[in-house]
Amino acid sequence: MMNRLRSVAFLLLLTLPAFTTFSQVDLAYYLPDNVSYDPAIPTPKSVIGHEVGEWHITHDKLVLYMRTLAAASDRITIEDIGVSHEDRPQVLLTITHPTNQAGIDKIRTDHVWLTYPNESDKFNVEKMPSVIYMGFSIHGNESSGSNASMLTAYYLAAAQGPEIETALRNTVVLLDPSLNPDGLTRFSSWTNMHKSKKVNPDPNDREYSEVWPRGRTNHYWFDLNRDWLPVQQPESRNRIAKFHMWKPNILTDHHEMGTNSTFFFQPGVPSRTHPLTPELNQELTEKIGTYHAKALDRLGSLYYTKEGYDDFYYGKGSTFPDINGAVGILFEQASSRGHAQESTNGVLRFPFTIRNQFTAALSSWQATLEMREELLNYQRDFYKKVLKEADNDDVKAYIFKAEKDPARSYHLADILQKQEIDFYRPSRRVKADGDEYLPENSYIIPLKQRNYKIVKAMFEKRTEFEDSLFYDISGWTYPLAFNMEYSELGSREYGRNQLGEKVTEPEFPVGAVIGGQSAYAYAFEWHGYYAPRAANRLLSKGIRLKVANSKFTAPKAREEEFDYGTILVPVANQSLSEYELFLEVQKIALEDGINVYSLNTGLTEGVSLGSNTFTTLTAPKVAVVVESGSSADAGEIWHLLDTRMDMYITKLPVGRLSTSAIERYNTIIMTGGANLSEAGINNLKRWVGNGGTLIGTTSAVNWLANNKFTTLKFASGERPSGEKIPYDQLTNFRRAQYIPGGVFMSELDLTHPMAYGYYKKELPTFRRGNTFIEASDNLYSNPARYTEEPLLSGYITESNLEALKGTSTVRVSALGRGKVVSLVDNPNFRAFWYGTNKLMMNAIFFGRIVNSSAAR
């Protein structure tokens, strides 16, 4: 058998056509030439109307070809696994021998049994096919991958011969031709509309300069290649469900990089591999790399490995498999970013980039085939070893809750469920670290389970690292991101008898109107994640709301004190009748997961309901500035307000800041600088001075200070002195001074409007970058500051850590009658940082009510 498999490998490796330089190519340019092809199988051109690489494939034509191919070949089945934000279908092809197709369900279930340590020995891997998941172009403007997916699917469907038959019997290929349908559509439209009849490789041509936000991201401008672990986007959730259904042995992730580069394949920099990844994983990755090297050598294509990229953040497609018993492989092809572009390596033509990607897909299939038993045994042993690792772990379980905000707990539990993590309600009350966890408000996760590695990747805190450089972030601890009360339970605190009901489908919390219909007023606290959505729903119906700037008690409604930020809904003088108003508050209680309390008297304790300490709220009219700054940051705000808070948000082109268009809004959010004239800057200042709220996040904070919207003072982390750094290490040394992304503890002033809804003064905050704002001498101007021991999880130099201590993370500044809110850190990071989303919502709802004397 092995000799036959090696002959297939030899066939795949040595029959690829040699490098050619012509720009107009046909199918023969790409395909191995010593293989016969079934004429009954439709070629790409016969369906899409042009040769592969002649135009950038559009998503609709790509799906059409895949459906046509599946209809013509008994080796292929195709399924719709979901839709993107823009309702484009996500399709997945299952490609294998027809006899395997007949029993594909049993092949899949038998394969997945290898991930169950107590059952896996019952299965003979010598008789099982290995499984590879091929994923193409998760960044939509890195489209050589999706174009190569057509060639890969055609080859697997049409290639003939006994060696091909043997290879198909021994492998299952899961082929995802477009991991990002909406981004691919955006980019293909751009580059095709700019293609000249005589293709111009001049890099200055508009074809090679996409307009903001470009095609890399999905509909809401999210980088889907950071979402494999948090699964916040539908494209990710659809894909991850299929990943877990199959548990492939290899996953390939086809990308592009700068035009002047060559071709990269993993492994990455060895010292930048996450410690949870087994050493054997990297050895297998390196062995698989030899297949790519041989194939690319045959083409004469330059390449590199073990440089630049890493295997650290588990939210990436090439790293996520590493904690799932598989081997993730990243491919990075130099990008033509159009049809042909000049580069330091000559004119880089689109067909050449496609051929490299296709070649890497075939070499990956070859490795999957030839290393079949080795990969299957690795998978089985991986899951056996994790149970032993769990036994040796000092932590035996994690327990968490969000006592006053069950919606946040629900959303974290939802991620656990999507990642097939076993978790439970505790069987009884658990006391740990000064907190009390109850069966009705808590979840407990035992570490001794097959997905131990995923649990550790999500819940561990890590502050020590082998390397100081990271391709992406260095810390992402999920219970901190969600601002949970949580504890690590050791052997003394944890026993299996503490596990109550297993959670199979988390349920969104349902609130109630406690006390029934009121003729006087209703109140709900701001603690709930969806309290802003509830407030906006009422305001959008013209219902008058007030916010409590002091605590108060209404003993007849409940014994517990109502907190700062409680929303008061008076019944009198509303546009709705008493009963209609009751129906509206009942709706928000049910749909927004909050409890609303009926109040039947204004004579409350602390302050009365008619006190001037209650401030009338204004309905937000929000715009986020686009075409400037970070599209990812802007997209996160758009996504938060649109999909979660059910609020209108205008995506305002930056040029309109100079016009009267801004008068429509009372809140404008900036995520970066703006190239405005002095008149444009003055126009924006005038708008703020007349009562507007201007919110700046991350780099916009610097821009606002530089242009005198605020008087913030900045500190800097001093670089360590010492010996001269060797010249060839200078770039890496400077990169190491940057905070790549981690979790740091800040402290809130819970009496300040910017902190309304928080019930603990400690707030874990995501921090990336080296902007440090000195704390104001006015204590009321610092609603959030980093603590004196801020590091929770992630990498930071000692000098930067020292500089960070005590600095502001949130500042509110007065400008005329308006306010400028500076959010130094991104409170909406990648949509899974639920714990700080409320800072953004408080800036929107309460920024304008901050007392000017506390905003200096």
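Modeller: Contact here means heavy atoms within 4.5 Å. The model is predicted, with local features needing pLDDT of at least 70 and side-chain atom pairs pLDDT 80 or more, while totals for chains, interfaces and linings use all residues. Residues are numbered from 1 along each chain as its sequence is written, and side-chain values use heavy atoms, without hydrogens and water.

In α16, Arg533, Ala534, Arg537 and Leu538 meet Glu584, Lys587, Ile588, Glu591 and Asp592 of α17. These residues divide into three nonpolar, no polar and six charged (Ala, Val, Leu, Ile, Met, Phe, Trp, Tyr, Cys and Pro are nonpolar; Asp, Glu, Lys and Arg charged; the others, Gly among them, polar). The axes of α16 (residues 531–540) and α17 (residues 578–592) come within 10 Å and cross at roughly 155° (lines fitted to C-alpha atoms, for helices over the stretch in contact; angles between N-to-C directions, 0 to 180 degrees). The two helices are therefore roughly antiparallel, the term for angles over 145 degrees. Their crossing is right-handed, with the near helix turned clockwise from the far one by less than a right angle.

Elsewhere, seven strands form an open sheet of mixed pairing, in the order β2-β3-β6-β4-β7-β9-β8. β2 (76–83) and β8 (263–265) are at the edges with a single partner strand each, so one side of each has no neighbour in the sheet. The strand-to-strand twist averages 20°. β2 pairs with β3 (residues 89–95) in the antiparallel sense over seven bridges (pairing needs at least two DSSP bridges), and Glu79 has Leu92 in β3 as its bridge partner. Helices (H or I, at least four residues) and strands (E, at least two) are DSSP runs, numbered from the N terminus. Helix α10 (residues 279–299) lies across β7 (250–257), β8 and β9 (327–334), at about 35° to β9.

Technical notes
Angles under 35 degrees count as roughly parallel, over 145 as roughly antiparallel, 65 to 115 as roughly perpendicular and the rest as oblique.
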